[in-house]
Amino acid sequence: MREIDELTQVDDPAWPELQEAFTGSGVSVRVLAPEPEEGRRCLVQLQVTARSTLGALALNCGGLVLDGGWVRVFGGGSPAHGGLPSLARVNRFPAVADPAWHPATGLVVGQDVLGGVFALNGHDPAAAGRPGDPGQMTYFAPDILAWEAMDMGHSGWVAWLLSGRLATFYDGLRPPGWREEAAALSLSEGISVFPFLWTEEAHADLAATSRRAVPMREILGVAADFARGMGPADPGFLGEV
């Protein structure tokens with residue numbers, strides 16, 4: 001495995017360009033303070049350099065909170081400040097870097113407040129029950145309890161998040177007042193919707209649903225249980241939050 005200096009001391013690191021993209025985006029971006037040691041641990045296990053978007057986020061920030069709190073992107077973690085868990089914690093990295101370890105079903109890199117999960121496919125997504133190609137992004141959609149291919153890599157996904165196209169992506173999933181509901185959440189919470197998002201009632205009239213803040217782990221657990229019991233397939237690992 002490459003040592004931390006090989007991963008961090010690179011030409012053309014991605015972080016300055018990312019900072020410019022945050023500033024120039026029409027989407028609100030909150031950059032969480034990093035925990036340097038945890039960020040370095042992420043890099044060593046992932047074996048990606050600071051030249052990549054994934055490596056730059058892990059090394060330089062505790063994560064991103066986008067679009068008024070609707071979307072969260074995992075980085076090096078900032079739980080000590082009430083922030084997000086690290087990529088290492090979310091994906092259950094081994095305590096000591098292990099060259100034989102890899103995420104079995106894909107690397108969870110983000111989530112939204114409804115329990116949607118963004119993950120980066122591994123080497124054999126079909127064997128893990130995931131759509132799309134190796135190294136491409138997928139999305140666990142909480143309104144259909146299934147994974148969808150996104151046809152982009154991680155860096156392309158981050159650029160897409162900043163592009164202003166989230167409104168179209170979440171069309172029909174954001175009720176009136178969603179900005180206020182998202183802004184009121186802590187970063188360990190999400191929005192529980194009842195009737196559930198995957199029901200005909202919610203699809204027919206989202207504004208009439210009841211919504212409340214609950215721990216994100218509860219939202220993900222309920223979605224996984226229903227997906228296994230009545231959905232198209234077991235969604236597999238949705239991240240440790």
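**Figure 1. Salt bridges across the predicted model.** The structure holds eight salt bridges. The model is predicted. Side chains of opposite charge can pair when their charged atoms come close.

**Figure 2. Glutamate 37 and arginine 40 pair within helix α3.** Their side chains meet in a salt bridge, at 3.6 Å from N to O. Both residues belong to helix α3, which covers residues 36-46. They sit three residues apart, about one turn of the helix. Glutamate 37 is exposed, with a relative accessible area of 61%. Arginine 40 is partly exposed, at 34%.

**Figure 3. Aspartate 67 and arginine 174 form a buried salt bridge between two loops.** The closest N and O atoms of aspartate 67 and arginine 174 are 2.6 Å apart. The pair links distant parts of the chain, 107 residues apart. Aspartate 67 lies in the loop between β2 (63-66) and β3 (71-74). Arginine 174 lies in the loop between α7 (166-169) and α8 (178-183). Aspartate 67 has a relative accessible area of 8% and counts as buried, because the cut-off is under 20%. Arginine 174, at 17%, is also buried.

**Figure 4. Glutamate 181 and arginine 211 join a helix to a strand.** The side chains of glutamate 181 and arginine 211 meet in a salt bridge, at 3.0 Å from N to O. Glutamate 181 lies in helix α8, and arginine 211 in strand β9 (residues 210-215), so the pair ties together parts that are 30 residues apart in sequence. Glutamate 181 is partly exposed, at 24% relative accessibility. Arginine 211 is partly exposed too, with a relative accessible area of 25%.

**Figure 5. A salt-bridge network takes in three residues.**

**Figure 6. The largest nonpolar core has 74 residues.** Leu57, Val71, Phe118 and Trp157 have the most contacts inside this core. Helix α10 (residues 216-230) gives the largest share, six residues. In soluble globular proteins, nonpolar side chains tend to be buried together.

**Figure 7. Valine 71 and its contacts.** Neighbours within four places in sequence are left aside here. Valine 71 then touches Leu64, Val65 and Leu66, among others. Gln111, Asp112 and Phe118 are also in contact with valine 71. Leu161, Leu166 and Tyr170 complete the set. Both valine 71 and Phe118 are among the core residues with the most contacts.

Note on methods: Residues numbered from 1 in each chain as written. Predicted model: local features only at pLDDT ≥ 70, side-chain atom pairs only at ≥ 80, totals over all residues. Heavy atoms only, no water. Core = buried A, V, L, I, M, F, W, Y, C linked by side-chain atoms within 4.5 Å. Buried < 20%, exposed > 50% of the residue type's maximum accessible area, 1.4 Å probe, protein only. Helix = DSSP H or I, 4+ residues; strand = E, 2+ residues; numbered from the N terminus. Contact = heavy atoms within 4.5 Å. Salt bridge = Lys/Arg side-chain N within 4 Å of Asp/Glu carboxyl O.
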